[in-house]
Amino acid sequence: MKAAIVRETPDGYVDLVDNWEPKPLAFGEALVDMEYVGLCHTDLHVASGDFGNPNEIGQRNGNFRRVVGHEGVGRVSKLAEGASDYLKIGDRVSVAWFYDACGVCDFCVSGNETFCRKVRNSGYTVDGAMSQQVVVNAQYAVKVPDGLDPVEATSITCAGVTMYKSLKVGETKPGQWVSVHGAGGLGNLAVQYAHNVFGAHVAVIDGNDDKLAAAKANGAEVLINRKKVADVAEEVQKATGGAHTAQVTAVNAAAFNQAVNSLRPMGKLVAVALPQGDMALNIAKTVLDGIEVRGSLVGTRADLKEAFQFGAEGKVKPIVEKVNFNDMNEVIDEMKAGSITGRKVFDFTTL
Ligand code: 8ID
Ligand code: ZN
């Protein structure tokens, strides 16, 4: 069957193959026939080897190289023994970056399962969603609610839940100002969750006017094209009086510094994007203004269930476009160029 796999020497692109086979199901696992899979910028990091060579990390499926993808939605077609307590044939489920965890450590039992030291991640340490069939751990595959369009659900599976969670991590309150640095796949959903779910005011920063226009349509009140202003932070300060929380989704270390300087005293910076390198943090600003810096990583199964529900209720509506599996490397180039508004979603139903 068809699958998109990381290249032998990861170079940022994928090999599209026809001869891939899923591994045999083990106890508690289910087979999912994929319908739609979105491309997240994390897939580009994985395919580039930014987190190490994924072909050499985690469990291998025979001689196959790692299948990418973690914004997947499909229907359960087969259950191994032990899986029917959690799923039934025909259920629509998601394949998210958080694949599974040990279930018994301090992180798992305290509602912080994504930080389990035995965590497995789809499309990185286990095979991901970009194949016609995917093996999931039935206890961990979160169901997609009725009433949520499956193409839109793919974007909530990673981008949506990640920003819903990071707004929680930022302790976002109604009426506060949130600055969203980067209006890509994650950023446009940050705008929607911040505005429509958390009741916050939103300032958005990006270098692409189409993305800023989409953010405006989704409720952002302050729009800043970083390429057209001398000082991003100064513009945010002028327009908002300083953000209460800055959400950094831009794949660019400079955006982290702009975000810190956009905050008001006691503001929180939530780091979400994963560019290579270090973040420079002005010590005096951090100390004198009581700035907090937190990292935020995707979301738990409970977070994803909640994030899906807001989608099913129409409070958030991902911007999605269906595209052909064979065009994946061209879509990767578009993402690298920063020209995708919302998400491109590969259609597995027509393969
Ligand atoms: O759990 C997590 N923390 C998590 C989950 C999912 C994704 C983290 N991520 C990471 C990805 O690995 C990636 O590093 O978040 C980052 C953003 O993912 P994405 O939203 O899927 O990428 P995108 O659609 O390419 O959007 C990136 C946006 O950043 C803008 C670009 O114009 C684009 O719209 N941008 C850049 I590049 N530099 C900027 C800057 N200095 C900028 N926007 C503002 N200021
Ligand atoms: Zn992702």
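**View 1. Helix H3 packs against helix H9, their axes 9 Å apart.** In this predicted model, let's start where the two helices meet at an angle of about 110°. Angles of 65 to 115 degrees count as roughly perpendicular, so H3 is roughly perpendicular to H9. The crossing of H3 past H9 is right-handed. If you want to find the contact, look on H3 for Ala 153, Ile 156, Thr 157, Val 161, Tyr 164, Lys 165 and Lys 168. Facing them from H9 are Asp 303, Leu 304, Glu 306, Ala 307, Phe 308, Phe 310 and Gly 311. Sorted by class, this H3 contact with H9 has eight nonpolar, two polar and four charged residues.

**View 2. Helix H3 also meets helix H4, which covers residues 185-197.** Here the axes of H3 and H4 come within 8 Å and cross at roughly 55°. That angle makes H3 oblique to H4. On the H3 side, you will find Ser 155, Ile 156, Ala 159, Gly 160, Thr 162, Met 163, Tyr 164 and Leu 167 in the contact. H4 contributes Gly 185, Leu 186, Leu 189, Ala 190, Tyr 193, Ala 194 and Val 197. Between H3 and H4, the contact holds 11 nonpolar and four polar residues, with no charged ones.

**View 3. One cavity of 30 Å³ or more is found in the structure.** The largest cavity has a volume of about 150 Å³. Its lining counts 19 residues, and those closest to the centre are Val 95, Ala 96, Phe 98, Tyr 99 and Tyr 140. Several elements supply at least two lining residues each: strands E5 (92-96), E6 (98-100) and E8 (133-137), together with helices H3 (150-169) and H9 (301-312). E5 provides the largest share of this lining, three residues. By class, the cavity lining has 12 nonpolar, six polar and one charged residues.

**View 4. The second largest pocket has a volume of about 210 Å³.** To get your bearings here, look for Lys 23, Tyr 99, Val 126, Asp 127 and Val 135, the closest to the pocket's centre of the 17 residues that line it. E8 gives the most to this lining, with three residues. The pocket lining divides into six nonpolar, five polar and six charged residues. Tyr 99 links this view with the previous one: Tyr 99 is among the residues closest to the centre of the largest cavity, and among those closest to the centre of the second largest pocket.

How values were computed: Residues are numbered from 1 along each chain as its sequence is written. Chains are lettered from A and ligands numbered from 1 in the order in which they are written. This is a predicted model: local features need pLDDT of at least 70, side-chain atom pairs count only at pLDDT 80 or more; totals for chains, interfaces and linings use all residues. Side-chain values use heavy atoms; hydrogens and water are left out. On a 1 Å grid over the protein atoms alone, a cavity is a set of points where a 1.4 Å probe fits but cannot get out, and a pocket is an open set with protein on both sides within 12 Å along at least five of seven lines; lining residues have an atom within 4 Å of a point. Grid points are joined across faces, edges and corners, and a volume is the space filled by probe spheres set on the points. Helices (H or I, at least four residues) and strands (E, at least two) are DSSP runs, numbered from the N terminus. Ala, Val, Leu, Ile, Met, Phe, Trp, Tyr, Cys and Pro count as nonpolar, Asp, Glu, Lys and Arg as charged, and the others, Gly among them, as polar. Axes are lines fitted to C-alpha atoms, for helices over the stretch in contact, and angles run from 0 to 180 degrees between N-to-C directions. Angles under 35 degrees count as roughly parallel, over 145 as roughly antiparallel, 65 to 115 as roughly perpendicular and the rest as oblique. Contact means heavy atoms within 4.5 Å. A crossing is left-handed if the near helix is turned anticlockwise from the far one by less than a right angle, and right-handed if clockwise.
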